[in-house]
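Keep the 3D view open as you read.

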Amino acid sequence: MVAALSATNEAILRAKSQEEFFQQVCEAALRSGNFIATVVLLLEPGTDALKAVAWAGDAERLRLRSYSVSETSPVGNGLAGIAFRTRKPCVSNDLMNDERMASWHENARRAGVGAAAALPLIRSGESVGGLVVTLS
């Protein structure tokens with residue numbers, strides 16, 4: 001994780017756009033550990049939906065998946081939605097036995113994902129999105 005933080009600090013200094021920064025963060029996180037995939041999600045203006053804006057690794061399932069920040073939505077009670085609402089990291093160390101992740105179970109099984117985490121992205125004290133990482 002120290003390597004990922006170092007790479008993130010470098011990206012802050014070198015990235016010429018928000019998109020480039022997020023892509024570099026995804027790639028740094030992927031290189032830093034045993035992650036299968038990483039994705040940055042941002043809140044779509046005027047909605048409760050999170051949209052993938054950057055990704056790395058085997059991220060196709062993460063990228064195409066529906067995410068919501070609404071507590072009343074089935075896809076809003078996964079790690080990304082919880083991290084967004086609470087502005088705190090949300091972790092599932094045993095994804096297949098985590099009821100919060102029920103809508104992910106089938107895709108996780110196919111992708112070999114055993115654990116995942118979502119870290120909120122906060123700007124001026126407000127959640128704007130999240131970084132999701134998956135592990136085997």
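A word on accessibility before anything else: buried means under 20% relative accessible area, exposed means over 50%, and partly exposed is what lies in between, using a 1.4 Å probe and protein chains only. What you're looking at is a predicted model, so local features need pLDDT of at least 70 and side-chain atom pairs count only at pLDDT 80 or more, while totals for chains, interfaces and linings use all residues. Residues are numbered from 1 along each chain as its sequence is written, and side-chain values use heavy atoms, with hydrogens and water left out.

Start with the sheet. Helices (H or I, at least four residues) and strands (E, at least two) are DSSP runs, numbered from the N terminus, and two strands pair if DSSP finds at least two bridges between them. Here 6 strands make an open sheet, ordered β3-β2-β1-β6-β5-β4, with antiparallel pairing. At the edges sit β3 (67-68) and β4, each of which pairs on one side only. As background, strands of a sheet pair through backbone hydrogen bonds, either parallel or antiparallel.

Now zoom in on β6. It pairs with β1 in the antiparallel sense over 7 bridges, and 9 bridges join it, again antiparallel, to β5. Leu131 of β6 is a handy landmark: it is the bridge partner of Val40 and also of Leu119. Elsewhere in β6, Ser127 is the bridge partner of Ile122. How enclosed is β6 as a whole? Because 7 of its 10 residues are buried, β6 is largely enclosed by the rest of the structure.

Follow β5 into β6 and you'll reach a hairpin with 2 residues between the strands. One to click on is Ser124, in the loop between β5 (115-123) and β6 (126-135). Ser124 has a positive phi of about 55° although it is not a glycine. That's worth a glance because most residues other than glycine have a negative phi. Ser124 counts as exposed because its relative accessibility is 76%.

Arg87 lies in the loop between α4 (79-86) and β4 (90-92). With 40% relative accessibility, Arg87 counts as partly exposed.

That brings us to α4 itself. With 6 of its 8 residues buried, α4 is largely enclosed by the rest of the structure. The buried ones are Leu79, Ala80, Gly81, Ile82, Ala83 and Phe84. What do they pack against? The buried residues of α4 pack against β1, β2, β3, β4, β5 and β6, where contact means heavy atoms within 4.5 Å.

Next, the cores. A nonpolar core is a set of buried Ala, Val, Leu, Ile, Met, Phe, Trp, Tyr and Cys residues joined through side-chain atoms within 4.5 Å. The largest one has 24 residues, and Leu41, Tyr67 and Val132 have the most contacts inside it. At least two residues each come from β1 (35-43), β2 (49-57), α4 and β5, with α4 giving the most, 5 residues. A second, separate core has 12 residues, including Phe22, Phe35, Ala56 and Val133.

Finally, the gaps. A cavity is a set of points, on a 1 Å grid over the protein atoms alone, where a 1.4 Å probe fits but cannot get out; lining residues have an atom within 4 Å of a point. Grid points are joined across faces, edges and corners, and a volume is the space filled by probe spheres set on the points. The whole structure holds 2 cavities of 30 Å³ or more.

The largest cavity has about 120 Å³ of space. Its lining includes Ile36, Asp58, Trp104 and Thr134. Two or more lining residues come from each of α3 (60-64) and α5 (105-111), and α5 has the largest share, 3 residues.

The second largest cavity has about 50 Å³ of space. Among the residues lining it are Tyr67, Val75, Ala80 and Trp104, and α4 gives the most to this lining, with 3 residues.

Technical notes: On a 1 Å grid over the protein atoms alone, a cavity is a set of points where a 1.4 Å probe fits but cannot get out, and a pocket is an open set with protein on both sides within 12 Å along at least five of seven lines; lining residues have an atom within 4 Å of a point.
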